[in-house]
Amino acid sequence: MFNIIFWVLTLLSLALFGGAIYLVARALLKKLNRDQGTDMSALEQPATAKVAALKNTTLLKALTIGILSIVALLPLGIIMDMTSDREALYHSVVDEIGRSWGEQQTLSGPALVIPYSYFVMQEEVSNDGKTRHEVKRTYQDELVILPKKLSLDLDLKHDFRTRGIYQSLVYNAALKGQADFRLNRYDIPNLIAFDNQNARLVFGVSSNQAIDKVEKIEVTGDSVILSGSLMSGTGLATGGLEKGFNQGIQVGEASDFSVNFAMTLRGSQSISALPLGEQTLLNIHADWPHPSFKGLLPAEREITANGFTANWNISHLTRNYPQEFIKSNQSTLTEVVANAMLFEPVTHYGKIERSVKYGLLFIVLTFIMLFIFELGQKTSLSTVQYMLVGSAMALFYLLLLSLSEHLAFLQAYLIAACIPVLSVSAYVGSATASLKRGGIVGTMLVSLYAVLYSILQLEDYALLMGTGLLLVVLLILMFVTRHQPKNTVQ
(Lines give C-alpha, C1' and ligand atoms only; values in the text may rest on other atoms or scores of the structure.)
Protein backbone atom coordinates (compact mmCIF):
# COMPACT_ATOMS: atom_id res chain seq x y z
CA MET A 1 0.00 0.00 0.00
CA PHE A 2 2.85 2.38 0.85
CA ASN A 3 4.45 1.73 -2.56
CA ILE A 4 1.20 2.56 -4.36
CA ILE A 5 0.82 5.84 -2.42
CA PHE A 6 4.45 6.68 -3.22
CA TRP A 7 3.93 6.06 -6.90
CA VAL A 8 0.71 8.14 -6.95
CA LEU A 9 2.46 11.09 -5.28
CA THR A 10 5.41 10.74 -7.64
CA LEU A 11 3.06 10.66 -10.61
CA LEU A 12 1.22 13.79 -9.48
CA SER A 13 4.51 15.63 -9.03
CA LEU A 14 5.75 14.58 -12.45
CA ALA A 15 2.40 15.47 -14.03
CA LEU A 16 2.59 18.99 -12.54
CA PHE A 17 6.15 19.31 -13.81
CA GLY A 18 5.11 18.12 -17.28
CA GLY A 19 2.16 20.55 -17.32
CA ALA A 20 4.48 23.40 -16.46
CA ILE A 21 6.81 22.45 -19.32
CA TYR A 22 3.80 22.33 -21.66
CA LEU A 23 2.69 25.86 -20.69
CA VAL A 24 6.22 27.20 -21.03
CA ALA A 25 6.60 25.65 -24.49
CA ARG A 26 3.26 27.09 -25.55
CA ALA A 27 4.31 30.57 -24.43
CA LEU A 28 7.63 30.21 -26.25
CA LEU A 29 5.82 29.27 -29.46
CA LYS A 30 3.67 32.38 -29.25
CA LYS A 31 6.72 34.56 -28.62
CA LEU A 32 8.56 32.96 -31.54
CA ASN A 33 5.69 33.67 -33.89
CA ARG A 34 5.46 37.27 -32.63
CA ASP A 35 9.22 37.82 -33.12
CA GLN A 36 9.03 36.50 -36.67
CA GLY A 37 6.28 38.99 -37.54
CA THR A 38 3.58 36.45 -37.79
CA ASP A 39 0.15 37.90 -38.20
CA MET A 40 -1.21 37.47 -34.72
CA SER A 41 -4.68 38.10 -35.98
CA ALA A 42 -4.46 34.72 -37.69
CA LEU A 43 -3.65 33.19 -34.35
CA GLU A 44 -6.62 34.89 -32.78
CA GLN A 45 -8.84 32.10 -34.02
CA PRO A 46 -11.53 30.60 -31.87
CA ALA A 47 -10.01 28.93 -28.83
CA THR A 48 -10.73 25.41 -29.98
CA ALA A 49 -9.06 25.85 -33.37
CA LYS A 50 -6.00 27.52 -31.84
CA VAL A 51 -5.51 24.75 -29.24
CA ALA A 52 -5.92 22.05 -31.87
CA ALA A 53 -3.30 23.70 -34.05
CA LEU A 54 -0.84 23.98 -31.19
CA LYS A 55 -1.30 20.36 -30.16
CA ASN A 56 -0.48 19.20 -33.67
CA THR A 57 2.89 20.89 -33.79
CA THR A 58 5.90 18.61 -33.66
CA LEU A 59 7.18 20.18 -30.44
CA LEU A 60 3.92 19.85 -28.55
CA LYS A 61 3.45 16.29 -29.76
CA ALA A 62 6.91 15.44 -28.42
CA LEU A 63 6.02 17.04 -25.09
CA THR A 64 2.78 15.07 -24.98
CA ILE A 65 4.69 11.85 -25.55
CA GLY A 66 7.08 12.78 -22.75
CA ILE A 67 4.25 13.42 -20.30
CA LEU A 68 2.46 10.18 -21.23
CA SER A 69 5.73 8.30 -20.74
CA ILE A 70 6.00 9.73 -17.23
CA VAL A 71 2.39 8.70 -16.52
CA ALA A 72 3.29 5.14 -17.60
CA LEU A 73 5.59 4.91 -14.56
CA LEU A 74 2.56 4.35 -12.31
CA PRO A 75 1.25 1.09 -13.81
CA LEU A 76 4.79 -0.16 -14.35
CA GLY A 77 5.63 0.52 -10.70
CA ILE A 78 2.53 -1.36 -9.54
CA ILE A 79 3.38 -4.32 -11.77
CA MET A 80 6.96 -4.32 -10.47
CA ASP A 81 5.64 -4.47 -6.89
CA MET A 82 3.33 -7.34 -7.82
CA THR A 83 6.22 -9.19 -9.42
CA SER A 84 8.38 -8.73 -6.30
CA ASP A 85 5.54 -9.96 -4.07
CA ARG A 86 4.96 -13.04 -6.22
CA GLU A 87 8.67 -13.77 -6.33
CA ALA A 88 8.91 -13.45 -2.53
CA LEU A 89 6.01 -15.89 -2.18
CA TYR A 90 7.75 -18.27 -4.59
CA HIS A 91 10.98 -18.20 -2.57
CA SER A 92 9.09 -18.75 0.69
CA VAL A 93 7.40 -21.83 -0.80
CA VAL A 94 10.77 -23.10 -2.09
CA ASP A 95 12.28 -22.66 1.39
CA GLU A 96 9.33 -24.45 2.97
CA ILE A 97 9.71 -27.36 0.55
CA GLY A 98 13.42 -27.39 1.34
CA ARG A 99 12.75 -27.62 5.07
CA SER A 100 10.39 -30.54 4.48
CA TRP A 101 12.53 -32.40 1.97
CA GLY A 102 16.00 -31.39 3.10
CA GLU A 103 17.77 -28.04 3.30
CA GLN A 104 21.14 -27.09 1.87
CA GLN A 105 23.48 -29.80 3.10
CA THR A 106 26.93 -29.27 4.57
CA LEU A 107 28.96 -32.46 5.09
CA SER A 108 31.94 -32.75 7.40
CA GLY A 109 33.96 -35.57 8.84
CA PRO A 110 34.45 -38.14 9.87
CA ALA A 111 36.48 -36.95 12.84
CA LEU A 112 37.78 -39.08 15.69
CA VAL A 113 36.89 -38.02 19.25
CA ILE A 114 38.83 -39.58 22.14
CA PRO A 115 37.83 -38.80 25.75
CA TYR A 116 40.63 -38.21 28.24
CA SER A 117 41.07 -37.14 31.85
CA TYR A 118 43.53 -34.64 33.27
CA PHE A 119 44.23 -33.10 36.63
CA VAL A 120 44.58 -29.58 37.91
CA MET A 121 46.28 -28.64 41.17
CA GLN A 122 44.23 -26.06 43.02
CA GLU A 123 45.05 -24.24 46.20
CA GLU A 124 42.37 -24.24 48.89
CA VAL A 125 41.99 -22.62 52.27
CA SER A 126 41.21 -24.77 55.30
CA ASN A 127 38.04 -24.30 57.29
CA ASP A 128 39.79 -22.21 59.91
CA GLY A 129 41.02 -19.87 57.16
CA LYS A 130 44.62 -20.01 58.39
CA THR A 131 46.28 -22.72 56.36
CA ARG A 132 46.44 -23.36 52.63
CA HIS A 133 46.95 -26.67 50.87
CA GLU A 134 46.87 -27.98 47.31
CA VAL A 135 44.12 -30.28 46.09
CA LYS A 136 44.37 -32.43 42.96
CA ARG A 137 41.12 -32.28 40.96
CA THR A 138 40.33 -34.47 37.97
CA TYR A 139 38.50 -33.19 34.88
CA GLN A 140 37.24 -34.73 31.66
CA ASP A 141 37.67 -33.41 28.14
CA GLU A 142 37.91 -34.78 24.60
CA LEU A 143 40.54 -34.66 21.89
CA VAL A 144 39.23 -34.18 18.35
CA ILE A 145 41.45 -35.65 15.61
CA LEU A 146 40.88 -34.88 11.95
CA PRO A 147 41.84 -37.39 9.23
CA LYS A 148 45.23 -37.46 7.56
CA LYS A 149 43.60 -38.02 4.18
CA LEU A 150 39.93 -37.66 3.27
CA SER A 151 38.25 -38.75 0.02
CA LEU A 152 34.61 -37.92 -0.70
CA ASP A 153 32.58 -38.91 -3.77
CA LEU A 154 29.11 -37.43 -4.22
CA ASP A 155 26.59 -38.44 -6.86
CA LEU A 156 23.59 -36.08 -7.10
CA LYS A 157 20.30 -36.86 -8.83
CA HIS A 158 18.00 -33.89 -9.24
CA ASP A 159 14.22 -33.90 -8.88
CA PHE A 160 11.36 -31.44 -8.50
CA ARG A 161 8.79 -31.10 -5.76
CA THR A 162 5.66 -29.03 -6.36
CA ARG A 163 3.27 -27.19 -4.11
CA GLY A 164 0.37 -25.43 -5.78
CA ILE A 165 1.66 -23.63 -8.86
CA TYR A 166 5.25 -23.56 -7.56
CA GLN A 167 8.01 -26.13 -7.87
CA SER A 168 11.34 -26.49 -6.11
CA LEU A 169 14.55 -28.10 -7.35
CA VAL A 170 15.78 -30.81 -4.93
CA TYR A 171 18.28 -33.66 -5.08
CA ASN A 172 19.13 -37.10 -3.75
CA ALA A 173 22.80 -37.55 -2.88
CA ALA A 174 24.78 -40.78 -2.65
CA LEU A 175 27.95 -40.26 -0.60
CA LYS A 176 30.93 -42.62 -0.54
CA GLY A 177 34.13 -41.81 1.29
CA GLN A 178 37.30 -42.93 2.98
CA ALA A 179 39.16 -41.30 5.85
CA ASP A 180 42.68 -42.33 6.92
CA PHE A 181 43.69 -41.60 10.53
CA ARG A 182 47.21 -41.62 11.97
CA LEU A 183 47.35 -41.49 15.76
CA ASN A 184 50.40 -40.17 17.57
CA ARG A 185 51.38 -39.79 21.19
CA TYR A 186 49.74 -36.55 22.19
CA ASP A 187 51.35 -34.32 24.78
CA ILE A 188 48.54 -32.85 26.86
CA PRO A 189 49.43 -30.99 30.07
CA ASN A 190 48.59 -32.91 33.27
CA LEU A 191 47.24 -35.83 31.24
CA ILE A 192 46.03 -38.78 33.29
CA ALA A 193 44.87 -41.17 30.55
CA PHE A 194 43.04 -41.48 27.24
CA ASP A 195 39.88 -43.54 27.19
CA ASN A 196 40.60 -45.32 23.90
CA GLN A 197 37.93 -47.91 24.62
CA ASN A 198 35.13 -45.34 24.33
CA ALA A 199 36.19 -43.21 21.40
CA ARG A 200 33.73 -42.32 18.66
CA LEU A 201 33.65 -41.32 15.01
CA VAL A 202 31.50 -38.26 14.36
CA PHE A 203 29.96 -37.42 11.00
CA GLY A 204 28.72 -33.88 10.51
CA VAL A 205 25.49 -33.36 8.55
CA SER A 206 23.73 -29.99 8.66
CA SER A 207 20.23 -31.49 8.28
CA ASN A 208 19.74 -34.76 10.16
CA GLN A 209 16.12 -35.25 9.10
CA ALA A 210 17.27 -35.55 5.48
CA ILE A 211 19.46 -38.62 6.10
CA ASP A 212 17.86 -41.53 4.26
CA LYS A 213 20.23 -44.33 5.14
CA VAL A 214 23.74 -44.99 6.40
CA GLU A 215 24.70 -47.97 4.28
CA LYS A 216 28.06 -48.82 5.81
CA ILE A 217 30.79 -47.79 8.22
CA GLU A 218 33.77 -50.12 8.04
CA VAL A 219 37.08 -49.79 9.89
CA THR A 220 40.30 -51.41 8.77
CA GLY A 221 43.50 -51.34 10.84
CA ASP A 222 44.20 -51.30 14.55
CA SER A 223 40.68 -50.24 15.57
CA VAL A 224 37.36 -51.94 16.17
CA ILE A 225 33.82 -50.60 15.88
CA LEU A 226 31.91 -51.01 19.11
CA SER A 227 28.71 -52.98 19.07
CA GLY A 228 25.48 -51.02 19.01
CA SER A 229 23.63 -48.87 16.55
CA LEU A 230 24.53 -45.39 15.36
CA MET A 231 23.72 -42.58 17.73
CA SER A 232 22.20 -39.26 16.71
CA GLY A 233 24.23 -36.16 17.52
CA THR A 234 27.96 -35.63 17.77
CA GLY A 235 28.40 -34.36 21.31
CA LEU A 236 30.45 -31.44 20.00
CA ALA A 237 29.80 -27.71 19.86
CA THR A 238 32.47 -27.21 17.21
CA GLY A 239 31.19 -25.25 14.23
CA GLY A 240 30.65 -27.67 11.34
CA LEU A 241 30.39 -30.74 13.58
CA GLU A 242 27.59 -29.72 15.93
CA LYS A 243 24.95 -31.73 14.01
CA GLY A 244 25.13 -35.26 12.66
CA PHE A 245 25.61 -38.73 14.12
CA ASN A 246 28.35 -40.82 15.70
CA GLN A 247 29.59 -44.39 15.90
CA GLY A 248 31.43 -45.83 18.89
CA ILE A 249 34.92 -47.19 18.18
CA GLN A 250 37.83 -48.69 20.10
CA VAL A 251 41.24 -47.45 18.96
CA GLY A 252 44.77 -48.45 19.78
CA GLU A 253 47.49 -46.11 20.91
CA ALA A 254 49.70 -44.59 18.20
CA SER A 255 48.00 -46.64 15.51
CA ASP A 256 46.79 -46.13 11.97
CA PHE A 257 43.38 -47.09 10.63
CA SER A 258 40.96 -46.24 7.81
CA VAL A 259 37.22 -45.69 7.76
CA ASN A 260 35.12 -46.52 4.70
CA PHE A 261 31.58 -45.21 4.75
CA ALA A 262 28.56 -44.71 2.51
CA MET A 263 25.20 -43.02 3.00
CA THR A 264 22.31 -41.50 1.09
CA LEU A 265 20.65 -38.23 1.97
CA ARG A 266 18.37 -35.55 0.58
CA GLY A 267 18.87 -31.84 0.08
CA SER A 268 17.92 -28.79 -1.94
CA GLN A 269 19.62 -25.93 -3.76
CA SER A 270 23.24 -26.73 -2.87
CA ILE A 271 25.64 -29.14 -1.18
CA SER A 272 28.89 -28.30 0.61
CA ALA A 273 31.80 -30.21 2.11
CA LEU A 274 34.36 -29.11 4.68
CA PRO A 275 37.96 -30.09 3.83
CA LEU A 276 38.84 -31.64 7.20
CA GLY A 277 41.63 -33.85 5.88
CA GLU A 278 45.26 -32.86 5.79
CA GLN A 279 44.68 -33.61 2.13
CA THR A 280 41.05 -33.64 0.96
CA LEU A 281 39.89 -35.03 -2.36
CA LEU A 282 36.32 -34.15 -3.27
CA ASN A 283 34.48 -35.31 -6.38
CA ILE A 284 30.92 -34.24 -7.19
CA HIS A 285 28.92 -35.59 -10.10
CA ALA A 286 25.39 -34.37 -10.84
CA ASP A 287 22.83 -34.77 -13.61
CA TRP A 288 21.95 -31.05 -13.50
CA PRO A 289 23.60 -28.93 -16.23
CA HIS A 290 23.65 -25.58 -14.40
CA PRO A 291 26.11 -25.57 -11.48
CA SER A 292 27.34 -22.58 -9.54
CA PHE A 293 30.46 -22.93 -7.38
CA LYS A 294 31.16 -20.94 -4.22
CA GLY A 295 33.92 -20.95 -1.64
CA LEU A 296 36.88 -22.91 -2.93
CA LEU A 297 36.58 -23.33 -6.69
CA PRO A 298 37.15 -26.81 -8.14
CA ALA A 299 40.54 -27.62 -9.61
CA GLU A 300 38.81 -29.34 -12.54
CA ARG A 301 35.27 -29.23 -13.80
CA GLU A 302 33.34 -30.42 -16.83
CA ILE A 303 29.86 -29.15 -17.68
CA THR A 304 27.71 -30.74 -20.38
CA ALA A 305 24.06 -30.70 -21.35
CA ASN A 306 23.55 -33.83 -19.23
CA GLY A 307 25.20 -32.64 -16.02
CA PHE A 308 28.52 -31.65 -14.50
CA THR A 309 31.55 -33.13 -12.75
CA ALA A 310 33.77 -31.15 -10.40
CA ASN A 311 36.95 -32.18 -8.55
CA TRP A 312 38.72 -30.52 -5.62
CA ASN A 313 42.18 -31.26 -4.22
CA ILE A 314 42.48 -29.20 -1.02
CA SER A 315 45.43 -28.91 1.32
CA HIS A 316 45.11 -28.18 5.04
CA LEU A 317 47.27 -25.09 4.42
CA THR A 318 44.20 -23.29 3.05
CA ARG A 319 42.71 -23.08 6.56
CA ASN A 320 43.79 -21.92 10.00
CA TYR A 321 42.60 -24.66 12.38
CA PRO A 322 44.89 -27.58 13.34
CA GLN A 323 44.42 -31.30 12.71
CA GLU A 324 44.04 -31.96 16.44
CA PHE A 325 42.33 -29.73 18.97
CA ILE A 326 40.63 -29.87 22.33
CA LYS A 327 36.83 -29.94 22.40
CA SER A 328 36.65 -27.21 25.04
CA ASN A 329 38.50 -24.80 22.76
CA GLN A 330 35.26 -24.29 20.80
CA SER A 331 36.99 -24.20 17.40
CA THR A 332 35.05 -23.59 14.20
CA LEU A 333 35.72 -25.56 11.02
CA THR A 334 33.56 -23.60 8.57
CA GLU A 335 36.04 -20.94 7.44
CA VAL A 336 36.85 -22.92 4.27
CA VAL A 337 34.18 -24.77 2.32
CA ALA A 338 33.71 -26.27 -1.14
CA ASN A 339 30.20 -25.64 -2.42
CA ALA A 340 28.28 -26.69 -5.52
CA MET A 341 24.86 -25.20 -6.15
CA LEU A 342 22.23 -26.63 -8.47
CA PHE A 343 21.53 -23.30 -10.04
CA GLU A 344 18.38 -22.33 -11.92
CA PRO A 345 19.81 -19.78 -14.38
CA VAL A 346 16.88 -17.36 -14.57
CA THR A 347 13.47 -18.04 -13.07
CA HIS A 348 10.48 -16.65 -14.92
CA TYR A 349 10.11 -14.04 -12.16
CA GLY A 350 13.64 -12.87 -12.82
CA LYS A 351 12.88 -12.49 -16.51
CA ILE A 352 9.64 -10.64 -15.80
CA GLU A 353 11.37 -8.29 -13.39
CA ARG A 354 14.00 -7.54 -16.00
CA SER A 355 11.34 -7.02 -18.68
CA VAL A 356 9.44 -4.55 -16.45
CA LYS A 357 12.71 -2.65 -15.90
CA TYR A 358 12.79 -2.22 -19.67
CA GLY A 359 9.06 -1.36 -19.65
CA LEU A 360 9.39 2.43 -19.68
CA LEU A 361 12.00 2.22 -22.43
CA PHE A 362 9.76 0.11 -24.63
CA ILE A 363 6.66 2.21 -24.02
CA VAL A 364 8.65 5.31 -24.98
CA LEU A 365 10.01 3.49 -28.04
CA THR A 366 6.46 2.52 -29.02
CA PHE A 367 5.38 6.16 -28.74
CA ILE A 368 8.40 7.22 -30.81
CA MET A 369 7.57 4.58 -33.42
CA LEU A 370 4.02 5.90 -33.60
CA PHE A 371 5.43 9.40 -33.88
CA ILE A 372 7.69 8.29 -36.72
CA PHE A 373 4.71 6.55 -38.25
CA GLU A 374 2.74 9.84 -38.10
CA LEU A 375 5.54 11.79 -39.74
CA GLY A 376 6.16 9.19 -42.42
CA GLN A 377 2.50 8.53 -43.26
CA LYS A 378 1.36 12.17 -43.00
CA THR A 379 -1.34 11.26 -40.47
CA SER A 380 -2.09 12.22 -36.88
CA LEU A 381 -3.08 10.37 -33.71
CA SER A 382 -4.73 12.05 -30.75
CA THR A 383 -3.49 12.12 -27.17
CA VAL A 384 -6.27 9.75 -26.10
CA GLN A 385 -5.14 7.24 -28.71
CA TYR A 386 -1.58 7.46 -27.42
CA MET A 387 -2.87 6.82 -23.89
CA LEU A 388 -4.76 3.71 -24.96
CA VAL A 389 -1.71 2.40 -26.80
CA GLY A 390 0.38 2.95 -23.66
CA SER A 391 -2.26 1.11 -21.60
CA ALA A 392 -2.09 -1.88 -23.94
CA MET A 393 1.71 -1.89 -23.63
CA ALA A 394 1.53 -1.84 -19.82
CA LEU A 395 -1.09 -4.60 -19.83
CA PHE A 396 1.43 -6.82 -21.62
CA TYR A 397 3.59 -7.05 -18.50
CA LEU A 398 0.63 -7.96 -16.26
CA LEU A 399 -0.41 -10.66 -18.71
CA LEU A 400 3.15 -11.95 -18.87
CA LEU A 401 3.30 -12.21 -15.06
CA SER A 402 -0.04 -14.02 -14.87
CA LEU A 403 0.58 -16.46 -17.71
CA SER A 404 4.19 -17.31 -16.79
CA GLU A 405 3.02 -18.89 -13.52
CA HIS A 406 1.12 -21.52 -15.51
CA LEU A 407 2.95 -21.80 -18.85
CA ALA A 408 6.51 -21.96 -20.10
CA PHE A 409 8.02 -18.49 -20.37
CA LEU A 410 8.21 -18.53 -24.18
CA GLN A 411 4.56 -19.54 -24.48
CA ALA A 412 3.50 -16.90 -21.95
CA TYR A 413 5.56 -14.27 -23.75
CA LEU A 414 4.06 -15.06 -27.17
CA ILE A 415 0.49 -15.00 -25.88
CA ALA A 416 1.03 -11.79 -23.89
CA ALA A 417 2.76 -10.08 -26.83
CA CYS A 418 -0.14 -10.93 -29.15
CA ILE A 419 -2.43 -8.65 -27.12
CA PRO A 420 -0.65 -5.30 -27.75
CA VAL A 421 0.48 -6.29 -31.24
CA LEU A 422 -3.00 -7.20 -32.48
CA SER A 423 -4.94 -4.62 -30.47
CA VAL A 424 -2.67 -1.65 -31.21
CA SER A 425 -2.24 -2.43 -34.91
CA ALA A 426 -6.00 -2.94 -35.34
CA TYR A 427 -6.71 0.21 -33.34
CA VAL A 428 -4.33 2.35 -35.39
CA GLY A 429 -5.64 0.86 -38.63
CA SER A 430 -9.19 1.68 -37.61
CA ALA A 431 -8.31 5.16 -36.36
CA THR A 432 -6.56 6.05 -39.63
CA ALA A 433 -9.04 4.13 -41.81
CA SER A 434 -6.14 2.29 -43.42
CA LEU A 435 -5.45 -1.46 -43.21
CA LYS A 436 -1.97 -0.83 -44.62
CA ARG A 437 -1.09 1.62 -41.82
CA GLY A 438 -2.32 -0.83 -39.20
CA GLY A 439 -0.11 -3.50 -40.76
CA ILE A 440 2.91 -1.18 -40.62
CA VAL A 441 2.36 -0.54 -36.89
CA GLY A 442 1.89 -4.26 -36.29
CA THR A 443 5.19 -5.03 -38.03
CA MET A 444 7.00 -2.43 -35.93
CA LEU A 445 5.56 -3.86 -32.71
CA VAL A 446 6.50 -7.42 -33.67
CA SER A 447 10.07 -6.24 -34.23
CA LEU A 448 10.06 -4.42 -30.90
CA TYR A 449 8.88 -7.46 -28.90
CA ALA A 450 11.33 -9.72 -30.73
CA VAL A 451 14.16 -7.44 -29.60
CA LEU A 452 12.82 -7.42 -26.02
CA TYR A 453 12.76 -11.23 -25.93
CA SER A 454 16.31 -11.34 -27.25
CA ILE A 455 17.43 -8.94 -24.52
CA LEU A 456 15.79 -11.12 -21.85
CA GLN A 457 17.52 -14.25 -23.17
CA LEU A 458 20.98 -12.75 -23.60
CA GLU A 459 21.81 -11.26 -20.20
CA ASP A 460 25.45 -10.56 -21.02
CA TYR A 461 24.57 -8.60 -24.17
CA ALA A 462 21.40 -6.88 -22.88
CA LEU A 463 23.05 -3.46 -22.54
CA LEU A 464 24.64 -3.71 -25.98
CA MET A 465 21.37 -4.68 -27.65
CA GLY A 466 19.38 -2.01 -25.81
CA THR A 467 21.90 0.66 -26.79
CA GLY A 468 21.86 -0.52 -30.40
CA LEU A 469 18.05 -0.38 -30.45
CA LEU A 470 18.05 3.20 -29.17
CA LEU A 471 20.62 4.16 -31.78
CA VAL A 472 18.55 2.66 -34.61
CA VAL A 473 15.38 4.42 -33.44
CA LEU A 474 17.25 7.73 -33.12
CA LEU A 475 18.67 7.43 -36.65
CA ILE A 476 15.24 6.63 -38.07
CA LEU A 477 13.72 9.58 -36.22
CA MET A 478 16.47 11.89 -37.52
CA PHE A 479 15.94 10.62 -41.08
CA VAL A 480 12.18 11.14 -41.00
CA THR A 481 12.43 14.64 -39.52
CA ARG A 482 15.39 15.81 -41.60
CA HIS A 483 13.20 18.14 -43.74
CA GLN A 484 10.83 19.13 -40.96
CA PRO A 485 10.52 22.96 -40.91
CA LYS A 486 10.08 24.85 -37.69
CA ASN A 487 6.55 25.24 -36.36
CA THR A 488 5.04 23.25 -39.23
CA VAL A 489 1.47 22.30 -38.52
CA GLN A 490 0.82 18.65 -39.36
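1. A salt bridge here is a side-chain nitrogen of Lys or Arg within 4 Å of a carboxyl oxygen of Asp or Glu. In this predicted model, the side chains of Lys327 and Glu142 form such a pair, with N and O 3.5 Å apart. This pair links distant parts of the chain, since Lys327 belongs to the loop between strand S17 (324–326) and strand S18 (338–342), while Glu142 belongs to strand S2, 185 residues apart. Lys327 is partly exposed, with a relative accessible area of 28%, whereas Glu142 counts as buried at 11%. Salt bridges also link Glu142, Arg200 and Lys327 in a network.

2. Leaving aside neighbours within four places in sequence, the residues in contact with Asp141 include Ile114, Tyr116, Ile326 and Lys327.

3. A search of the whole structure finds seven salt bridges, and one that a new reader may wish to locate is the pair of Arg86 and Glu405, whose side chains meet at 2.8 Å, N to O. Arg86 lies in helix H5 and Glu405 in the loop between helix H8 (383–404) and helix H9 (409–431), so this pair ties together parts that are 319 residues apart in sequence. Arg86 is partly exposed, with a relative accessible area of 28%, while Glu405 is buried, with 13%.

4. Another salt bridge joins Arg163 to Glu96, the closest N and O atoms being 2.8 Å apart. Because Arg163 lies in strand S3 (residues 149–163) and Glu96 in helix H5, the pair ties together parts that are 67 residues apart in sequence. Arg163 counts as partly exposed at 36% relative accessibility, and Glu96 counts as partly exposed at 36%.

5. His91 is found in helix H5, which spans residues 73–101, and is partly exposed, with a relative accessible area of 39%. The C-alpha atoms of His91 and Ser168 are separated by 9.0 Å, although these residues are 77 residues apart along the chain.

6. Finally, the surface: Leu471, Leu474, Leu475 and Met478 make a nonpolar patch of about 390 Å², and Met478 is found in helix H11 (residues 462–480).

Conventions:
Residues are numbered from 1 along each chain as its sequence is written. This is a predicted model: local features need pLDDT of at least 70, side-chain atom pairs count only at pLDDT 80 or more; totals for chains, interfaces and linings use all residues. Side-chain values use heavy atoms; hydrogens and water are left out. Helices (H or I, at least four residues) and strands (E, at least two) are DSSP runs, numbered from the N terminus. Buried means under 20% relative accessible area, exposed over 50%, partly exposed in between (1.4 Å probe, protein chains only). Contact means heavy atoms within 4.5 Å. Patches are made of residues with over 30% relative accessible area and no salt bridge: like charges are joined within 9 Å, nonpolar side chains (Val, Leu, Ile, Met, Phe, Trp, Tyr) within 5 Å. Accessible areas come from the Shrake-Rupley method with a 1.4 Å probe; for residues, only the protein chains shown count as cover.
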